[in-house]
Amino acid sequence: MVRLVMVAVALGVTACGRGGETRGSVDITDVYAAEPVNDESAAVYLDVWNPTDAPDTLVGATTPIAAMAQLHRQVGRGPTMQMETVPAAQVPARGWLRLEPGGMHLMLMTLGPRPVAGDTMDLTLEFRRAGPITVRVPVVTYVEVAERAAVEADARR
Ligand SMILES: [Cu+2]
């Protein structure tokens, strides 16, 4: 888990060193975090659109309010629900990567200070091609998380 963060930091430095080079970019939409119930972790959901002809990869993330961020995948549902760490996530060329409830998410670990619903936080996503992209993340209640997930699922039907 520590390794994922270090890889992200290394890539960020590389991106800064390549001034002027066109690296391609991605768009981040529907980003929000679920209000955490303790200081240990908070889940972040977002969609990534890749308008370029080359696939990209989300390799990590950092935020000032968490010691580390991991990509997680939810396995199973209900009482047997578990999460496993994923090293990276593909963003297909001219396609979407969706981090959403019941699937993949970014897990912010060891929070300080713990955010509450109504707060916003900065999150820097690290992409292999597009480099670092910082977004503002609103923190929402679990009720809102469920509502957003339902709306997004509906929109794709
Ligand atoms: Cu998780």
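Predicted model: local features only at pLDDT ≥ 70, side-chain atom pairs only at ≥ 80, totals over all residues.
A residue counts as buried if 20 or more other C-beta atoms lie within 10 Å of its own, exposed if 12 or fewer do, and partly exposed in between, with C-beta atoms placed from the backbone.

View 1. Residues are numbered from 1 along each chain as its sequence is written. Leu99 is found in strand 7; it is buried, because 21 other C-beta atoms lie within 10 Å. Leaving aside residues up to four places away in sequence, Leu99 touches Tyr45, Leu46, Met104, His105 and Leu106 (contact means C-beta atoms, placed from the backbone, within 7 Å). Ala43 sits 56 residues from Leu99 in sequence, yet their C-alpha atoms are 9.8 Å apart.

**View 2. The whole protein.** Here you can find 2 helices and 10 strands (DSSP runs numbered from the N terminus: helices are H or I with at least four residues, strands are E with at least two). From the N terminus, their order is α-β-β-β-β-β-β-β-β-β-β-α. Of the 157 residues, 24% are buried. Among contacts between residues at least 6 apart in sequence, 71% join residues at least 24 apart.

**View 3. The largest nonpolar core.** This core has 25 residues, and those with the most contacts inside it are Val44, Leu58 and Leu106 (a nonpolar core is a set of buried Ala, Val, Leu, Ile, Met, Phe, Trp, Tyr and Cys residues joined through C-beta atoms within 7 Å). Elements giving two or more residues to this core include strand 1 (27-34), strand 3 (56-62) and strand 8 (104-111). Strand 2 provides the largest share, 5 residues. Look for Leu106 touching Val44, Ala61, Ala69, Leu71 and Leu99, not counting residues up to four places away in sequence.

**View 4. Strand 10 and its partners.** Strand 9 pairs with strand 10 in the antiparallel sense over 8 bridges (pairing requires at least two bridges found by DSSP). A hairpin of 3 residues joins strand 9 to strand 10, and Leu123 has Val135 in strand 10 as its bridge partner. Strand 1 also pairs with strand 10, in the parallel sense over 2 bridges; Ala34 stands opposite Val140 in strand 10.

**View 5. Helix 2, largely in the open.** Of the 14 residues of helix 2, the number buried is 0, so this helix lies largely in the open. Its residues, 142-155, should span 20 Å at 1.5 Å a residue, which agrees with end C-alpha atoms 20 Å apart (the expected span is 1.5 Å times one less than the number of residues).

Notes:
Contact = placed C-beta atoms within 7 Å.
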